[in-house]
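Reader: Could you take me through this model piece by piece, with the cut-offs spelled out as you go?

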Amino acid sequence: MRSAGSSLFFWETHGISFRIQICVKELLDKDILLKLLFHLPISYPSTLPDISVNSDQLTRAQCMDVKEKLLEQAKKHLSEPMVHDLILWVQQHLKGVIKQSATVCNEETTLSKGTEDGIWMLLLHLDHMRAKAKYVKTVEKWASNLRLTGRLMFMGKIILILLQGDRSSIKEYLILQKTSKVDVDSSGKKCKEKMMGVLCETEVQSQHKRFQTFEVKEYSTLEELQKEFETAGLKTLFSEFVPPLLK
């Protein structure tokens with residue numbers, strides 16, 4: 001049902017950091033790979049550990065919810081070793097946390113928007129493109145068919161897709177991106193996109209400028225990429241999600 005993946009300890013001046021990957025196999029019949037980083041300060045376990053949660057299969061908001069729940073559990077184990085208990089807890093309760101997260105998100109959307117008629121925005125991060133020309137053509141075709149505007153952006157090894165359009169079209173694009181054989185693997189065989197990260201999915205606000213077309217653009221510096229975001233009124237989006245990709 002569940003299995004823990006690789007783990008790594010490394011010593012630091014101010015404590016120990018412990019990294020582990022956990023594969024939870026029971027969520028919607030698909031694998032969810034959680035990457036957990038625990039930093040145990042010298043005063044641990046009298047002091048709570050710092051916890052970082054990442055997953056390519058979950059949204060940033062869902063990862064934050066998992067982190068908050070883990071910290072709540074950690075408080076119950078204060079003054080006793082807790083990392084093992086926290087790992088067991090997240091393996092057993094991940095499904096419930098994500099369901100609760102989705103429910104809260106839907107309730108907030110219903111209360112604040114009342115409808116899905118507004119224009120939505122999606123920011124995706126791709127790890128790589130082996131068959132770049134074919135991949136780019138496919139993304140352009142999907143954007144055109146779904147009447148989505150935005151940018152496919154390349155800067156060094158960073159690949160971002162920024163889309164704007166009807167929420168139903170945004171959702172349909174995500175399904176296509178996840179289920180279509182859009183790239184090739186190391187042996188040249190067609191494969192699905194397995195290393196895509198959803199950085200942000202939100203309704204376009206009044207301060208955001210609408211893209212009129214979908215364009216493929218390459219940037220030679222981070223400053224050029226940042227300017228693209230700032231011109232579209234997306235300075236906060238850039239500063240929150242793009243710099244961490246460089247680490």
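**Helix, strands and salt bridges**

Author: Helix α4, residues 167–179, contains 13 residues, and from its first C-alpha to its last it reaches 18 Å, close to the 18 Å expected at 1.5 Å a residue. That expected span is 1.5 Å times one less than the number of residues in the helix. Helices (H or I, at least four residues) and strands (E, at least two) are DSSP runs, numbered from the N terminus. As for provenance, this is a predicted model, in which local features need pLDDT of at least 70 and side-chain atom pairs count only at pLDDT 80 or more, while totals for chains, interfaces and linings use all residues. Residues are numbered from 1 along each chain as its sequence is written, and side-chain values use heavy atoms, with hydrogens and water left out.

Reader: Good, and which residues of α4 are buried?

Author: They are Arg-167, Ser-169, Ile-170, Tyr-173, Leu-174 and Gln-177, where buried means under 20% relative accessible area, exposed means over 50%, and partly exposed lies in between (1.4 Å probe, protein chains only). Seen down the axis of α4, these buried residues fall within an arc of 155°, so they line one face of the helix; the arc is that of the directions from the helix axis to the C-beta atoms. Ser-168 and Ile-175, on the other side of α4, are exposed.

Reader: Switching to β7, how many of its residues are buried?

Author: Strand β7, residues 158–166, is mostly covered, with 8 of its 9 residues buried.

Reader: And which strands does β7 pair with?

Author: Strand β5 (residues 119–126) pairs with β7 in the antiparallel sense over 8 bridges, and β6 (residues 149–155) also pairs with β7 in the antiparallel sense, over 7 bridges. Pairing here requires that DSSP finds at least two bridges between the two strands.

Reader: What happens at the hairpin of β6 and β7?

Author: That hairpin has 2 residues between the strands, and Gly-156 there takes a positive phi near 65°.

Reader: On to electrostatics: how many salt bridges does a search of the whole structure find?

Author: It finds 5, with a salt bridge taken as a side-chain nitrogen of Lys or Arg within 4 Å of a carboxyl oxygen of Asp or Glu. One of them joins the side chains of Lys-35 and Asp-56 at 4.0 Å, N to O. This pair links distant parts of the chain, 21 residues apart, with Lys-35 in strand β3 (residues 30–41) and Asp-56 in the loop between β4 (50–54) and α1 (60–76). Lys-35 is partly exposed at 32% relative accessible area, and Asp-56 is partly exposed at 35%.

Reader: Where do Lys-132 and Glu-218 sit in the chain?

Author: Their side chains meet in a salt bridge at 2.8 Å, N to O. The pair is 86 residues apart and links distant parts of the chain, Lys-132 being in helix α3 (residues 132–145) and Glu-218 in strand β11 (residues 214–219). Lys-132 is partly exposed at 34%, whereas Glu-218 is exposed at 55%.

Reader: What about Glu-228 and Arg-151, are they buried or exposed?

Author: Glu-228 and Arg-151 form a salt bridge whose closest N and O atoms are 3.4 Å apart. They are 77 residues apart in the chain, Glu-228 in helix α5 (residues 222–231) and Arg-151 in strand β6. Glu-228 is buried at 11% relative accessibility, and Arg-151 is buried at 10%. Salt bridges that share partners join Arg-151, Glu-215, Lys-217 and Glu-228 into one network.

Reader: Last topic, which residues does His-208 touch?

Author: Leaving aside residues up to four places away in sequence, His-208 touches Met-121, Glu-203, Ala-232, Gly-233 and Leu-234, contact meaning heavy atoms within 4.5 Å. His-208 lies in the loop between β10 (196–203) and β11 and is buried at 16% relative accessibility. The side chain of His-208 also reaches the backbone nitrogen of Gln-205 at 3.0 Å.

Technical notes:
A polar contact is a pair of N or O atoms within 3.5 Å; within protein, one must be able to donate a hydrogen and the other to accept it, and residues adjacent in sequence count only if both atoms are side-chain atoms.
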